[in-house]
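Take a look at the structure below.

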Amino acid sequence: MATIKPFLAVRPRQDIADRVAALPYDVYNRSEARAETEREPLSFLKIDRAETMLPEETSPYDDKVYEKAAQLYEQMKADGSFVKEDSDCYYIYRLTMNGREQTGIVACASVDDYLGNVIKKHENTRAEKEQDRIRHVDALSAQTGPIFLAYRSDREINEVVERVRSTTEPLFDFIAPDGIGHTIWKMEAADEVGKIRSRFAQINDIYIADGHHRAASAVRVSQMRRKAHPDYSGEEEFNYFLSVLFPDDQLMIMDYNRCVSDLNGLSKEEFLQKAAQHFTVSRLKWADAPKKKGQITMYLDREWYLLTASEEFLQIRDAVRSLDVSLLQDYLLQPVLGIADPRTDDRIDFVGGIRGLAELEKRADTDMKVSFAMYPTSIRELFDVADAGMLMPPKSTWFEPKLRSGLLIHELER
């Protein structure tokens, strides 16, 4: 059973929330991050990526970066840009993209639930990426970017959420520069808070949808603080991590596509012949995305191709091997292109579906050789993999829209 608790939030003043709200730190490369903080001086990205506030030659992992992040955070609290709420609350967070809405609950999830696998994972994490956020969270003594969690939709939770939405004025309500709408309501009535907490206590499985590295880092900081305070009770804030929980029937997973820099020494003709050993290969008249499971579209030498897997693939019942990203990896990337481990091979890169097919063409025409457009992984497939205690290949899911950082912050000390 899941422990999902309300928390004492630190948040921006209402009049500047739209300027503070920032996309997750890891969706930007270094130059993009610097450009964003120059565009918007109040952006929380200056705290999430504090190297943007230091000379360009500064390593993003320099001690000075984490010191700067903590300094900027404390400064924004001191000047009133951030305020602390008066009581523990839940919050309702609605994202609107192209007329489509998804609404979740902002809360704190339990580190013990993560360690005990009530909160289930579907991806491995990389130690170097964890270490960066461990140092960031520890320096600020705060979690600034929420972990995106999913659960099987619950009617009673939905009813409470809808009641608060329909009877309460929003705390924040704005459209970000990328066109995504962000609306947040505070849930503070004792009966509503109690109902949400008790309903989650009856839910056995929570899933990390996005934010595996942030979750793992939060847990590591918690373990560090538990070691430093061996008499901890379990009620301390460092035993919990900031999350937004969404019902599964509101989520959209986009494709997460691949680009490869060469054909592993093969000519175009040789490569297509090898691809045809496991796929039906046909040329397309124009750029197109896969229309169903078992299809991959490929861009090579300014031409698009459709790769259709054999019926044998569609009969696979293994939760991981049946994924379309596994299809590409197991039948083409590894045996033909020689990419054994896509987590470490620098010949492969990943492109979120939000960037569209034009980005795949651009990459293959410039710094890469071939691009692959994937059919999106479903939320049901994600749940099946996590329930089986298995792990997806890296970069299997791309969730849109993205949660913003800096709107609701969870501090580890009260």
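**Charged pairs across the chain**

Glu101 is partly exposed, at 37% relative accessible area (buried is under 20%, exposed over 50%, partly exposed in between, with a 1.4 Å probe and protein chains only). This is a predicted model, where local features need pLDDT of at least 70, side-chain atom pairs count only at pLDDT 80 or more, and totals for chains, interfaces and linings use all residues. Residues are numbered from 1 along each chain as its sequence is written, and side-chain values use heavy atoms, leaving out hydrogens and water.

Glu101 has a partner. Its side chain meets that of Arg165 in a salt bridge, 3.3 Å from N to O (a side-chain nitrogen of Lys or Arg within 4 Å of a carboxyl oxygen of Asp or Glu). The pair links distant parts of the chain: Arg165 lies in helix α7 (residues 155-167), Glu101 in strand β5 (residues 100-110), 64 residues apart. Helices (H or I, at least four residues) and strands (E, at least two) are DSSP runs, numbered from the N terminus.

A second bridge joins Arg226 and Asp112, at 3.1 Å from N to O. Arg226 sits in helix α9 and Asp112 in helix α5, 114 residues apart. Arg226 is buried at 11%. Asp112 is partly exposed at 44%.

Next come two loops. Arg404 bridges to Asp178, with the closest N and O atoms 2.7 Å apart. Arg404 is in the loop between β20 and β21, Asp178 in the loop between β9 and β10, 226 residues apart. Arg404 is buried at 5%, while Asp178 is partly exposed at 42%.

Glu74, Lys77, Lys84 and Glu411 form a network of salt bridges. The structure holds 42 salt bridges.
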